[in-house]
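Thanks for coming. Please have a look at the model on the screen before I start.

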Amino acid sequence: MTASSTRRTTAARSRFAAVGSIAVAGVLILTGCGDQTDDSGNEGAKETGKSSTAPLFDKLPKKIQDAGVIKAGTNAEYAPMEFQEGGKIVGVDPDIAAALGEKLGVEFQFTSGSFDGLITALNSGRYDLAMSSITDNKQRQEGLDDKGKKLGPGVDFVDYFVAGTAVYVQKGNPKKINSIEDLCGQTAAVQRGTTYEKALQDQSKACTDDGKKKIEIEPFENDTEAQTRVKAGGAVAGVNDYPVAVDLSRKADGGNAFEVVGEQVDAGPFGIAVNKDNKELTAALEAAVNAIIEDGTYKKILEKWGAESGAIDKAAINGGK
């Protein structure tokens with residue numbers, strides 16, 4: 001997502017850029033999604049294994065039916081979508097996953113690691129799926145890098161949310177930034193390996209093509225570091241998903257640290273990534289997303305986290321462009 005269509009490519013549309021080959025790093029945090037959603041209305045033990053009477057259990061691959069769990073990779077540093085609180089992974093995505101688990105009759109177990117290794121780890125068999133505010137686009141579907149070079153087999157996506165890009169600045173907007181186009185000659189912070197980094201690179205080129213100074217882009221390993229840089233004044237702005245930027249502006253320092261400037265732009269879908277060989281799981285997830293939309297659970301989850309702007313009416317497979 002992000003900035004104007006006059007200087008953006010479709011590949012630069014939302015949280016994360018082309019998948020790198022970096023393996024999941026750091027200490028991994030494993031937690032059952034059922035324990036993360038006490039306030040979402042999705043509590044309660046599920047029947048798992050072959051005896052489950054959940055409505056969509058029979059759609060799952062036998063391996064997952066027998067295991068009773070779905071292993072999900074995420075990068076839990078992205079409130080309100082997924083983040084850590086009290087030793088648990090919480091947020092929009094974990095709550096949606098818990099609701100999906102109710103329909104499927106299995107538990108989702110989330111493991112948090114670095115974002116840019118999630119799809120590589122998924123395709124290596126570490127996870128059954130990756131759910132981490134991942135933008136569904138053709139680049140990822142086909143396993144390509146920014147230059148069109150084949151990196152891997154790609155993944156299929158089950159789209160469940162939509163978000164646009166936003167620019168956030170220090171409270172009071174001391175540099176009078178009103179859009180990403182205003183960042184020419186300025187310093188901007190961003191999480192490394194995201195579509196926002198690519199968005200800033202594209203905008204920087206547009207700046208120089210227009211005879212203006214380039215953007216000094218400062219990429220960080222995680223979004224928290226980028227936020228800290230903006231807060232300290234080392235960067236005049238950060239670029240992020242709209243719901244994340246809005247949550248940040250509302251909550252950081254009691255709402256006194258940041259503000260969002262301009263409107264969200266270049267909205268695109270977030271998808272649950274699944275190995276291309278696992279069509280059965282993809283179809284089961286699509287049915288489960290539609291089921292929680294239809295029964296109203298999906299809407300309640302988004303309202304809980306203030307993420308109603310990302311609601312969709314129906315799941316899609318590989319709906320990103």
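Predicted model: local features only at pLDDT ≥ 70, side-chain atom pairs only at ≥ 80, totals over all residues.

Residues are numbered from 1 along each chain as its sequence is written, and side-chain values use heavy atoms, with hydrogens and water left out.

Helices are DSSP runs of H or I with at least four residues, strands are runs of E with at least two, and both are numbered from the N terminus. Take helix H2, residues 92-104. At 1.5 Å a residue, its 13 residues should span 18 Å, and the end C-alpha atoms are 18 Å apart, which agrees. The expected span here is 1.5 Å times one less than the number of residues.

How many of the 13 residues of H2 are buried? The number is 12. Buried means under 20% relative accessible area, exposed means over 50%, and partly exposed is in between, with a 1.4 Å probe and protein chains only. Asp95, in H2, has a relative accessible area of 0%. Its side chain makes a polar contact with the side chain of Lys304, at 2.8 Å. A polar contact is a pair of N or O atoms within 3.5 Å; within protein, one must be able to donate a hydrogen and the other to accept it, and residues adjacent in sequence count only if both atoms are side-chain atoms. Just after H2, Gly105 takes a positive phi of about 80 degrees.

Next, the sheet. Three strands form an open sheet in the order S3-S4-S5, with antiparallel pairing. S3 (77-78) and S5 (88-90) are at the edges with a single partner strand each, so one side of each has no neighbour in the sheet. Two strands pair if DSSP finds at least two bridges between them; S4 (residues 82-85) and S5 have three. One pairs Glu85 with Lys88 in S5.

Now helix H6, residues 223-232, where Asp223, Ala226, Gln227 and Val230 are buried. They cover an arc of only 100 degrees around the axis, which puts them on the same side of H6. That arc is taken from the directions from the helix axis to the C-beta atoms. Asn222 caps the N-terminal end of H6, with a side-chain oxygen 3.1 Å from the backbone nitrogen of Thr224.

Last, the pocket: H7 (242-251) is among the elements that each supply at least two residues of the largest pocket's lining.
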